[in-house]
Amino acid sequence: MSVDLAPPPRKRILLSGVFGPFGVDDEYGRKENIMELFHNQVTKAQGASSWRYHHRSFGLYFLAANLDADVTVLDFPSRKRFVRELKKGYDVVGISFIAPNFVKAREMARLTRQESPKAVIVLGGHGAAIDGVEERIDCDHVVRGEGIGWMRSFLGQDPDAPVVHPVLPSVERRSILGVPVPGIGASLLVPGLGCVNGCRFCSTSHFFGRKYHSFLPTGRDLFEAARRIADLRGTDEFFVMDENFLKDTGRAMELLDEMERHERYFRFHIFSSAEAITAFGLDNLVRLGVGFVWIGVEASGRQGNYPKNEGVDARVLVREMRERGIVVLASGILCQEHHTPANIQEDIDFLVALEADLVQFMLLTPMPGTALHREQAQQGALRTELPLEEWHGQKHLAYRHPSFPGDSAERWLTAAFRKDYEVNSSSMYRVVETSLRGFRRLASHPRRDACLEIRMRELQTQTRDWAALLPAIASRPVNAEERRRALALDREVAAAVGAPSAGGVVLRAAARALATRWRLRLRLLGDGIQPRTLVTRFLPGAPGVASVPVSAQEPQLEPLRAVGGV
Ligand code: B12
Ligand code: SF4
């Protein structure tokens, strides 16, 4: 009798995001559902000045880096490319999707059954919160909440093994006014998932059971992860994907202590709530190297607002952050239950008057799984007849609101974005102004230690670099006021940080030429940009230790340089 001692073959797993094209009206999606953060949700009314960034489907890479299996990650495939991948034969096909991409996920499951009938289909991501999704999509498992532990258990691996943080760029392509943003681009840092605050509309908080699921529980863990990723990618800048990074004030303080102790000064772009920012302290934000904060202001007064904003004067908070060189993105919710055509403008005007660098307006949307969804279902207010492709918060209301019938919600939204642009000028103009303010403040600081000295120099370089776009802004402004502001700011920058060098002058001329070309492109060809398909293979045997960009026809804009344990 012979005994086969060979280990069982490792599973072959395909993890895929939903297929494109994105942001077009077709049988699977809608034109409003663009795969771009800023251009879709923030700077959408700013024409050529809109920020054009692509972000990967980070959850897929987190899963892949933490499984002892042969995992291929397929990000932004076309439908055809997905089918081609299926034909290679996988044991498990995992599909990550959000509610507005329900139809795409359903089609991908159908294609998997057709092309790879033996594959086990696992659905995950926020779309898993849709009621009865297992009956509406032909699949084998639906994973709600954190996925690494679930997938490890499913594969017979230790669900509680330490989480390996993959080494990833936080953005794929970045351009403003058609000018590519130079440099490597910030790396991704995901300290944890979810938020304990449980604001009733918030998908992320509810999806993770109103608990914080920590990947990097201590300041020291954060520091070590940041140091390793920074060394591998060659940049000390991070986009921190954590819904409320400063909520754990102690952890953030410990991170700051570690940075100062090691004299390693990272820079972080974060999401956080007003109470958490206030508790951490604005001057500590500067020391920590926070360059960007996304804050949910939500509404002007008590009505329609949340405990996280209680007792905080948003106007003062935004101004004080900008004074310190911190770019602020303030978001607000329109067409809330208490809004009427008579009072909604007050909230819009409040958001605009904050003079934040960037403003996001979003329609109140009862996303599946949230307390708001439950409340409105009980009241019979959900618009269940509205296809899920429309549940993205940028056009239709997904609940019945007597004051906003037909397309009126969309009209308010469009007008709000437009007003912010006309009153406050383009966001690019605003961020140069913020950077200059921060530089000046630190330059006149009476007691600059090593940390503040570094922060001052960062702001100086940033102000000079970003100001290169001011002539392009002034050449085709939204109104005469923007031209006047851009030219005046350019002069102020030159006075504060020095006139542009000969190289700088050439750069500015190039930026103007690129901006002119971009405006022409928008006029002739429209503003659609599709993200490139990215294929990455994570090899078995050593979870997260190596990752291989697969196909030469699908080059990565930012190759994954390495993936290793934290
Ligand atoms: C990055 C991001 C984007 C990127 C898209 C990146 C991409 N390539 O898809 C951009 C900015 C383009 C974007 C756009 C939109 N987004 Co978005 N986005 C996010 C954000 C901020 C982070 C997601 C993330 O990477 N998290 C970190 C990773 C590690 O966590 P994770 O994705 O949750 O993955 C974990 C689990 O969910 C699970 N999991 C995930 N996938 C899978 C798959 C399998 C098989 C398994 C087993 C498990 C699993 O395991 C992972 C590890 O635990 C979230 C909010 C948030 N903080 O989560 C919103 C969020 C996902 N987006 C949302 C929405 C609504 C949108 C837009 C419709 C908004 C709009 N109107 O423009 C568009 C849609 C674009 C489109 N065409 O699809 C909602 C989804 C709501 C819902 N219930 O479906 C969220 C939750 C924001 C919110 N609070 O409302 N988004
Ligand atoms: S504070 Fe922000 S992340 Fe936390 S529950 Fe509220 S909206 Fe969600």
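Ser170 lies in the loop that runs between helix H6 (148-154) and strand E7 (174-176). The model is a predicted one. Ser170 has a relative accessibility of 5% and therefore counts as buried, the cut-off for that class being under 20%. Beyond its neighbours within four places in sequence, Ser170 contacts His54, His55 and Phe58, together with Ala186, Ser187, Leu188 and Phe239.

Helix H16 comprises 17 residues, 427-443. The distance from its first C-alpha to its last is 24 Å, close to the 24 Å expected at 1.5 Å a residue. Helix H16 is mostly covered, with 12 of its 17 residues buried. The buried residues of H16 include the run Ser427, Met428, Tyr429, Arg430, Val431 and Val432. Thr434, Ser435, Leu436, Gly438, Phe439 and Leu442 of H16 are also buried.

As to confidence, the average pLDDT of the protein is 93, and 94% of the residues score at least 70. Residues 543-566 have a pLDDT that stays under 50. For residues 543-566, the model has 79 contacts beyond four places in sequence.

Technical notes:
Residues are numbered from 1 along each chain as its sequence is written. Chains are lettered from A and ligands numbered from 1 in the order in which they are written. This is a predicted model: local features need pLDDT of at least 70, side-chain atom pairs count only at pLDDT 80 or more; totals for chains, interfaces and linings use all residues. Side-chain values use heavy atoms; hydrogens and water are left out. pLDDT is the predictor's confidence in each residue, from 0 to 100. Contact means heavy atoms within 4.5 Å. Helices (H or I, at least four residues) and strands (E, at least two) are DSSP runs, numbered from the N terminus. Buried means under 20% relative accessible area, exposed over 50%, partly exposed in between (1.4 Å probe, protein chains only). The expected span of a helix is 1.5 Å times one less than its number of residues.
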